[in-house]
Amino acid sequence: MIQKLEGEFEDIPKGALTPSTKITDIQGWGSMHALIVIALMDAEYGITVKGDELRSVQSIQDLFDLAKKKQAAL
Amino acid sequence: MSAYIKAISYYLPDNVLTNEELSRLFPEYTPEEIFRRTGIKERHFSSPDEIPSDAAVIAAEKFFKEHPACKKEDIDFLIFCTEMVDRRGPATACILQNRIGLPVTAGAIDIPMGCSGFVYGLLVAQSLVNSGAAKNVLFLTGDAATKVIHPADHELRMIFGDAMAATLISNNDSGSIGGFVFGTDGSGAQNLIVEGCCGAEKPTREWLDKYADAGGMAYGKLSMNGTEILNFTLKRVPPMVKQLLEKEKLALEDIDLFIFHQASGFMLEVLRRKMKIPKEKFFTNMEYIGNTVAATIPLALYDALKAGLIKKGSKVMIAGFGIGYSWGATVLTF
């Protein structure tokens, strides 16, 4: 998922993200990144992440856990 | 004999908002970044004293000039689709009948719909023609979203522009408008909404004072929850396309061109990838136009026709989706 995120966020260097990276600390994080993450979650995991769920997520690991939890509930 | 789209014209206001100007107003975004986010380089906006009915008159005049075989005296029904009508009464379509100079024997109605408006209006026009109630329906579609966007709202200013399209739906044996699929979910109304106007939220002195530095926002103020709109689109559009293909007994490969509501470059690309539609069959024309609400589909149809991408016999799927939530789609055969 980290590779996918780095691929989608064109303005950050490879290797800049780790599971513990806080998503709001990602360089240039803003509304567009939220849309990119939502689209990625839909494409990769077939799940819907709502805006307020994304706001409650701290790290990339949390995001991954949320995706797995939602996927298991499908 | 069946209803078909005979001709289209459109009007864009002369005023242009470029990415360079947006970048000057919002220095945290470079022009390149704005283009990457939206797929848009320029949007047109109407002058303060020009409202959609004025644009509709210009679009209609342009239409009859561009298509001299289509005559005003042959129009027997007028549909005006916009979310910014002139007043509570009479219907703006009635005022337009007189301003454009259409026969007094013509019927005239408003359809106050947004992003899905072209598809819904086309459904009404098709029903009028196929039932024999009308032979030539002039369908004017467009909006002036820039008038309900707060000047400091950079996200909305990057996306929306103003435009008006004129489409003639006639009865003929060449070409057709196919079956429709549609849906509505008003539980999402709050996620894309014009606040502070009309019956539910009457304009107040407090409102006008609050937005005094933005001219009072007397037409209302558009607000959008981008993440929820994206989720709505991902949830509703792909099943709608599938449902329409099943209804029309077509495969994805049978469609020659897909023309979706030009919401934003990002959203269209996400949808295209999700539905695995080949790039060359997925038409976009928002680069120098932006998202013009109910006008995006006829503008794109016009540009695709002009570019020679639609030929005789071509099957074109059009899909509108957004504010409401409201969505609808059909297949046009040319």
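Analyst: What follows takes up the domains, then some backbone features, each with its definition.

This is a predicted model, in which local features need pLDDT of at least 70 and side-chain atom pairs count only at pLDDT 80 or more, while totals for chains, interfaces and linings use all residues. Residues are numbered from 1 along each chain as its sequence is written, and chains are lettered from A and ligands numbered from 1 in the order in which they are written.

User: How do you know into which domains chain B is divided?

Analyst: The bounds come from an automatic or database domain assignment, and for chain B they give domain 1 (2–173) and domain 2 (179–185 + 228–333). Taken over C-alpha atoms, the centres of domain 1 of chain B and domain 2 of chain B are separated by 18 Å.

User: What makes a residue part of the contact, and how many residues does the contact take from domain 1 of chain B and from domain 2 of chain B?

Analyst: Two residues are in contact if their C-beta atoms, placed from the backbone, lie within 7 Å; the contact takes 36 residues from domain 1 of chain B and 33 residues from domain 2 of chain B. On the side of domain 1 of chain B that touches domain 2 of chain B, helix 5 of chain B gives the most, with 6 residues, where helices (H or I, at least four residues) and strands (E, at least two) are DSSP runs numbered from the N terminus.

User: Why is Lys249(B) called exposed?

Analyst: A residue is exposed if 12 or fewer other C-beta atoms, placed from the backbone, lie within 10 Å of its own, buried if 20 or more do, and partly exposed in between. Lys249(B) has 8 other C-beta atoms within 10 Å, and is therefore exposed. Lys249(B) is found in the loop between helix 8 (226–247) and strand 11 (257–260) of chain B, and has a positive phi of about 55° although it is not a glycine.

User: What makes Val293(B) buried or exposed?

Analyst: Val293(B) has 33 other C-beta atoms within 10 Å, so it is buried. Val293(B) lies in the loop between helix 9 (265–275) and helix 10 (296–306) of chain B, with a positive phi of about 55° although it is not a glycine.
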